[in-house]
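I opened this model to record, entry by entry, what could be looked up in it. The notes go from the whole chain to single strands and residues.

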Amino acid sequence: MLSSAPEEPLLLAELKPGRPHQFDWKSSCETWSVAFSPDGSWFAWSQGHCIVKLIPWPLEEQFIPKGFEAKSRNGKNDPKGRGSPKEKTLDCGQIVWGLAFSPWPSPPNRRLWARPHPQVPDVSCLILATGLNDGQIKIWEVQTGLLLLNLSGHQDVVRDLSFTPSGSLILVSASRDKTLRIWDLNKHGKQIQVLSGHLQWVYCCSISPDCSMLCSAAGEKCVFLWSMRSYTLIRKLEGHQSSVVSCDFSPDSALLVTASYDTDVIMWDPYTGEKLRSLHHTQLDPPMDDSDVHISSLRSVCFSPEGLYLATVADDRLLRIWALERKTPIAFAPMTNGLCCTFFPHGGVIATGTRDGHVQFWTAPRVLSSLKHLCRKALRSFLTTYQVLALPIPKKMKEFLTYRTF
């Protein structure tokens with residue numbers, strides 16, 4: 001159930017880097033990536049100058065919208081109580097481009113080391129992967145801030161990272177060396193597969209929530225869809241007119257969205273390859289000058305946790321929120337130099353990162369999903385489009401379950 005007139009996003013808080021480091025060739029101030037841990041207890045911020053901040057969530061109470069609650073790690077921790085988590089600073093030594101949290105908690109009897117390590121607790125832990133400018137991937141333990149592993153293999157910038165949502169500690173990395181690499185952190189970070197085929201830098205990778213598919217977007221007009229079971233190419237999705245730079249699956253794995261410099265977001269059925277809808281980013285006001293012909297170029301797109309909204313960040317200084325069944329945005333927020341966006345996993349908040357190294361937190365629509373949508377989401381979490389079409393049910397029900405009722 002969607003509200004008929006959603007309120008414009010409100011700025012809840014803004015985090016800014018401390019004193020800028022002295023500029024040198026190794027430093028850059030952009031926030032290329034922001035991430036919430038899947039349980040909502042931590043926020044990771046690549047604040048520029050090779051630094052990642054790990055911040056316990058929620059932030060201070062005055063920044064949290066009324067009615068918003070974040071779940072703690074075990075549901076019992078008092079953020080202000082004894083033993084509460086502390087903010088941590090991770091010095092990665094290189095410009096940080098990609099961030100990804102592992103699912104929490106790690107499955108029982110899973111560990112990153114075959115034998116106890118003197119500095120690493122022998123427990124299941126929440127971890128953060130950081131993709132760096134020199135092609136390295138550093139793996140950190142969130143609770144302690146300790147460096148656990150250093151993964152080598154890429155020959156250029158690691159632009160994006162994604163863990164399998166199942167908790168298997170399989171990590172996918174996307175790089176400017178035009179490859180994706182699959183790592184098994186249960187086997188000391190062993191590289192188990194290299195996916196080749198892109199002709200340009202790989203900007204983004206996203207694993208479907210059911211862990212069956214991987215989407216990768218490079219500086220090309222198409223995206224690649226891979227099988228996470230066989231690590232082979234399923235199909236290429238063609239439809240954009242310029243480089244695709246961001247992609248994301250819906251929470252039920254039934255939809256895939258891709259964002260491009262051509263100013264369009266395309267919504268796909270990943271099972272059939274069918275293009276379901278295009279969302280065009282038009283400027284609200286005419287530009288002041290014609291110096292930038294790509295002023296509406298998209299930077300990032302992401303699904304809300306219940307699967308009814310999208311958020312997009314574009315170069316026209318706007319954060320947009322879209323409802324799935326509408327072709328125009330339902331809300332706008334002014335932001336300068338936006339690069340990335342992500343929803344809080346329990347809803348109600350969107351985090352955005354900027355070229356200035358800032359993070360902004362915005363209110364997001366809070367919605368009570370209809371029973372119809374909840375049923376669709378539950379069914380599509382384990383049924384493919386082809387399986388739905390084979391069901392002995394009315395055509396209109398099939399159209400609804402396969403998101404053909406826009």
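**Whole chain**

I began with the surface: the protein chain exposes about 18,500 Å², and carbon and sulfur atoms supply 52% of that area. The model is a predicted one, which I keep in mind for every entry below. I then counted the secondary structure and found three helices and 28 strands in the protein chain. Of its 406 residues, 56% count as buried. For the contacts, I looked at pairs of residues at least 6 apart in sequence, and 53% of these contacts join residues at least 24 apart.

**Record entries set against the model**

Taking residues 128-150, I found 61% strand and 0% helix, with the end C-alpha atoms 12 Å apart. Residues 151-186 are 50% strand and 0% helix, and here the end C-alpha atoms lie 13 Å apart. The unreviewed entry also lists "domain: SOCS box" for residues 370-406. In the model that span is 59% helix and 0% strand, and its end C-alpha atoms lie 16 Å apart.

I next asked how many of the residues of strand β16 (residues 222-227) are buried. The count is six of six, so by the cut-off of under 20% relative accessible area the strand is mostly covered. In a regular strand the side chains alternate between the two faces of the sheet. For β16 I therefore checked each face separately, with buried meaning under 20% relative accessible area: Cys222, Phe224 and Trp226 are buried on one side, and Val223, Leu225 and Ser227 are buried on the other.

On the pairing, strand β15 (residues 213-218) and β16 are antiparallel and share five bridges, with Cys215 standing opposite Leu225 in β16. The two strands form a hairpin with three residues between them. β16 is also joined by five bridges to strand β17 (residues 233-238), again antiparallel, and there Phe224 stands opposite Lys236 in β17. The hairpin of β16 and β17 has five residues between the strands, and Tyr231 in the turn has a positive phi of about 55°.

**Strand β10**

Strand β10 (residues 158-163) is mostly covered, with six of its six residues buried. It pairs with strand β11 (residues 170-175) in the antiparallel sense over five bridges, and Ser162 stands opposite Val172 in β11. Six residues lie between the strands of this hairpin, where Gly167 takes a positive phi near 90°.

**The sheet β18 to β21**

I traced an open sheet of four strands, in the order β18-β19-β20-β21, with antiparallel pairing. Its edge strands are β18 (244-249) and β21 (275-280), each of which pairs on one side only. Neighbouring strands of this sheet are turned by 20° against each other on average, direction ignored. Within the sheet, strand β19 (residues 256-260) and strand β20 (residues 264-268) run antiparallel and are joined by four bridges; the bridge partner of Leu256 in β20 is Trp268.

**Largest nonpolar core**

Which residues touch the most other members of the largest nonpolar core? Among its 17 residues, these are Ala311, Leu319 and Ile350. I also noted that β23 (309-314), β24 (318-323), β25 (331-334) and β26 (338-343) each supply at least two residues of this core. Beyond four places in sequence, Leu319 touches Ala311, Thr312, Val313, Ala331, Phe332, Ala333, Met335, Thr352 and Trp362.

**Two single residues**

Is Gln47 buried or exposed? Gln47 lies in strand β3 (residues 42-48) and counts as buried because its relative accessibility is 9%, whereas the cut-off for buried is under 20%. Its contacts, leaving aside neighbours within four places in sequence, are Pro17, Cys29, Glu30, Thr31, Lys53 and Gly357.

Tyr203 lies in strand β14 (residues 202-207). I looked at Tyr203 together with Ala174, from which it is 29 residues apart in sequence and 6.6 Å apart in space, C-alpha to C-alpha. With neighbours within four places again set aside, the residues in contact with Tyr203 include Arg159, Asp160, Val244 and Tyr261.

Methods
Residues are numbered from 1 along each chain as its sequence is written. This is a predicted model: local features need pLDDT of at least 70, side-chain atom pairs count only at pLDDT 80 or more; totals for chains, interfaces and linings use all residues. Side-chain values use heavy atoms; hydrogens and water are left out. Two strands pair if DSSP finds at least two bridges between them. Axes are lines fitted to C-alpha atoms, for helices over the stretch in contact, and angles run from 0 to 180 degrees between N-to-C directions. Buried means under 20% relative accessible area, exposed over 50%, partly exposed in between (1.4 Å probe, protein chains only). Contact means heavy atoms within 4.5 Å. Accessible areas come from the Shrake-Rupley method with a 1.4 Å probe; for residues, only the protein chains shown count as cover. A nonpolar core is a set of buried Ala, Val, Leu, Ile, Met, Phe, Trp, Tyr and Cys residues joined through side-chain atoms within 4.5 Å. UniProt positions are given in the numbering used here, feature names are shortened, and annotations may be inferred rather than shown by experiment.
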